[in-house]
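Please look over the model below. The report after it covers salt bridges, a helix and a strand.

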Amino acid sequence: MNTIKLVGFTGSLRKGSYNRGALRAAKELLPEGAELEILDLSAIPFFNQDLEGGELPASVTEFKKKIAEADALLIATPEYNYSIPPVLKNALDWASRDPSRPLSGKPAAIFSVSSSALGGARVQYHLRQVGVALNLKLVNQPEVFISFARDKFDTDGNLKDEDTKKHLSALVNALVDLAKAEK
């Protein structure tokens with residue numbers, strides 16, 4: 001059986017990002033036969049249509065290549081002002097402009113981590129709207145909103161909450177199942 005290749009990324013650039021910590025936890029929770037590569041979006045410049053006519057920045061080319069090669073995407077996001085962090089939206093905008101449409105039809109799952117009680121619920125619904133425009137095949141259930149993040153991660157940024165791990169495991173398993181069905 002072929003390995004299901006997932007790529008994950010987050011809209012948080014913070015060194016001690018809870019979202020990045022949750023992506024690391026997701027990597028440990030994957031079912032057998034699946035792997036997750038966590039991408040760093042920090043080197044991707046702001047989208048500029050003027051750059052499309054020439055050679056693209058290497059970070060953009062690499063990001064689009066990783067997206068195209070992946071069987072599915074795992075997106076972890078904080079909520080900034082009830083919406084999508086600019087770094088995440090920017091990366092999706094770059095990938096959406098590729099003539100090969102590497103996002104179109106791609107299985108994807110979204111989860112959010114926040115210090116608030118809502119756990120990033122508003123950003124997820126906003127990101128789902130963007131996912132429709134990108135033609136992503138989003139996992140609808142289960143939904144994972146990790147609230148009160150300070151209580152669920154240790155001082156090194158590792159997810160320690162067992163209930164949260166169960167919910168995250170259910171999400172990544174649903175994503176892997178969707179990716180298998182699409183292969």
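## Terms and basis

Helices (H or I, at least four residues) and strands (E, at least two) are DSSP runs, numbered from the N terminus. This is a predicted model: local features need pLDDT of at least 70, side-chain atom pairs count only at pLDDT 80 or more, and totals for chains, interfaces and linings use all residues. Residues are numbered from 1 along each chain as its sequence is written, and side-chain values use heavy atoms, with hydrogens and water left out.

## Lys66 in helix 2

Lys66 lies in helix 2. Its relative accessible area is 19%. That makes Lys66 buried (under 20% relative accessible area; exposed is over 50%, partly exposed in between; 1.4 Å probe, protein chains only). Contact means heavy atoms within 4.5 Å. Leaving aside neighbours within four places in sequence, Lys66 is in contact with Val7, Glu37 and Leu39.

Which residue forms a salt bridge with Lys66? Glu62 does, with the closest N and O atoms 3.7 Å apart. A salt bridge here is a side-chain nitrogen of Lys or Arg within 4 Å of a carboxyl oxygen of Asp or Glu. The two residues sit 4 places apart in helix 2 (residues 58–69), so about one helical turn separates Lys66 from Glu62. An α-helix has 3.6 residues a turn, so residues three or four places apart point the same way. Glu62 is partly exposed, at 36% relative accessible area. Glu37 joins Glu62 and Lys66 in a network of salt bridges.

## Helix 2 as a whole

Helix 2 has 12 residues. From first C-alpha to last it reaches 16 Å, close to the 16 Å expected at 1.5 Å a residue. The expected span is 1.5 Å times one less than the number of residues.

Its buried residues are Val60, Phe63, Lys64, Lys66 and Ile67. They cover an arc of only 160 degrees around the axis, so they lie on the same side of helix 2. The arc is that of the directions from the helix axis to the C-beta atoms. These buried residues pack against strand 1 (4–10), strand 2 (34–38), strand 3 and helix 3 (86–96).

## Other salt bridges

The count of salt bridges comes to 10. One of them joins Lys183 to Asp71, with the closest N and O atoms 3.6 Å apart. This pair links distant parts of the chain, 112 residues apart. Lys183 is in the segment after helix 5 (162–182), and Asp71 is in the loop between helix 2 and strand 3 (72–77). Lys183 is exposed at 52% relative accessible area, whereas Asp71 is buried at 18%.

Lys165 forms a salt bridge with Glu162, the closest N and O atoms being 3.5 Å apart. Both lie in helix 5, 3 residues apart, about one turn of the helix. Lys165 is partly exposed at 24% relative accessible area. Glu162 is also partly exposed, at 49%.

Strand 1 pairs with strand 3 in the parallel sense over 5 bridges. Two strands pair if DSSP finds at least two bridges between them. Leu6 stands opposite Ala72 in strand 3. Strand 3 also pairs with strand 4 (residues 107–113), in the parallel sense over 5 bridges. There, Leu74 has Ala109 in strand 4 as its bridge partner.
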